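Reader: Before we discuss particular features, could you show me the sequence and the structure, and then take my questions one at a time?

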Amino acid sequence: MDWEQVREQLEAILNTPVQTTRWAWEAWRREAEKHKAEPGYEGGSLISEGRLLFLAQKEGQEALLLTIRADAISPVERRLVELTLENRQTQDKKPPSIINEEERKAGMVGDWLRTQQELGLTQAEMPDALVSQMSLYSKKIPLLLYGDYTTSRRAHDRELKKLLESFFDADMTLIPLTDKEWLILGSEKIMSMDSGDDKEDSDSETLEDRLAAIGYGLHEMLENEWVGECHLAIHYPIMPAKSLYGAVLQLRETMMLGRTYHVGSNMHMPWELQLERLVHLVPEAEKASFLEHVLKRLDVAFDAETMTTLEQFFQLDCNVSETAKKLYIHRNTLLYRLDKFKQETGLDVRTFNNAVLVKIAILLYKVTKRK
């Protein structure tokens, strides 16, 4: 590991001098024991004589330390440095050829994002040095990818990045968040990559339509050519310098809502989960009470056939003819199913108020049944 390079990177990010020093390993270990009760102590740094000392690595009987003036950085920045060094120590166990400069920079951004999350922050702006290193001043389309595979099928970042850039025919930024989770940032130009000569059609498309097309196309490619099943969430374009951390939180919320309320769907978009977001905030006791009052005979009302019928009916804006076509059944067969549901529950989903009640009940029923 080139610790001089790491030192220079930290110095640029923190905008304060970072120095290296060496201690006898036993001296460091004894000093660390003394500081266990210190507020904010995480095991990777301590304060001695007005300086913050960070353990970079153990080298034989010596400890290589990075030092910074204690009053020069905030507690948040201190934790960022600790996590960065922990990450570099892990990377140092891999062959040197595995990590290139671009991956190092992406790792720094990933470290910063994880630090904000560990601190429980809901909003945070990236340090200018990180933004400039990753060229994150222009608008980007963020996507969150989660590989739903066993650890024995671990995917490699470089392989994934190559697939992404081949698919979009454009430079893509890939930021690893966990072993199975990546943040993908693409230029706004990728929204027009398939528009071709159909200018009239592309002009009539909404932003959501274009983002959905990107998401579904990418998800299909990844499941076919990558490591199999995966989940993908997409967000509206953002300015990473100001909004990257907030976008990651929203992407994770979108994926959580999609996986909770739409089991079987692996593509998740925030504009399709507005009602789910609202329902998710309802306390568990209130959810159970709502179901109890709205649907008296849950298991009878929500058998598999009825559930499929109602979901298609709502997805097609309660259009009887279109729903019958989608289900490959006669129109009268669909009407019979809706009438049967009305007889069993007292709710006619062809009326607006009842349709809303049943739509919410379906969302809640899926979650409470699994629990």
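Reader: How many aromatic pairs does a search of the whole structure find?

Author: This is a predicted model, in which local features need pLDDT of at least 70 and side-chain atom pairs count only at pLDDT 80 or more, while totals for chains, interfaces and linings use all residues. Residues are numbered from 1 along each chain as its sequence is written, and side-chain values use heavy atoms, with hydrogens and water left out. Rings of Phe, Tyr and Trp (its six-membered ring) pair if their centres lie within 6.5 Å, and planes under 30 degrees apart count as stacked, over 60 as edge-to-face and the rest as tilted. On that basis, the number of aromatic pairs found in the whole structure is 8.

Reader: Is the pair of Tyr236 and Trp271 stacked, edge-to-face or tilted, and how many residues apart in sequence are the parts that it ties together?

Author: The ring centres of Tyr236 and Trp271 are 5.3 Å apart and their planes make 50°, so the pair is tilted. Tyr236 lies in the loop between β8 and α9 (240–261), and Trp271 in the loop between β9 (267–268) and α10 (274–280), so the parts tied together are apart in sequence by 35 residues.

Reader: Is Trp271 buried or exposed?

Author: Buried means under 20% relative accessible area and exposed over 50%, with partly exposed in between (1.4 Å probe, protein chains only). Tyr236, at 28%, is partly exposed. Trp271 has a relative accessibility of 19% and therefore counts as buried.

Reader: In what order do the strands of the open sheet stand, and which strands are at its edges?

Author: Helices (H or I, at least four residues) and strands (E, at least two) are DSSP runs, numbered from the N terminus, and two strands pair if DSSP finds at least two bridges between them. The open sheet has 5 strands with mixed pairing, in the order β6-β7-β5-β8-β9. Each edge strand has a single partner, so one side of each is left without a neighbour in the sheet, and these strands are β6 (173–178) and β9.

Reader: How many bridges join β5 to β7, and how many join β5 to β8?

Author: Strand β5 (residues 140–147) has 7 of its 8 residues buried, so it is largely enclosed by the rest of the structure. β5 runs antiparallel to β7 (residues 181–187), where Ile141 stands opposite Gly186, and antiparallel to β8 (residues 230–234), where Leu143 stands opposite Ile234. The bridges to β7 number 7, and those to β8 number 5.

Reader: Within what arc do the buried residues of α1 fall?

Author: The buried residues of α1 (residues 3–14) are Trp3, Val6, Arg7, Gln9, Leu10, Ile13 and Leu14. The arc is that of the directions from the helix axis to the C-beta atoms. Seen down the axis of α1, these buried residues line one face of the helix, because they fall within an arc of 165°.

Technical notes
The expected span of a helix is 1.5 Å times one less than its number of residues.
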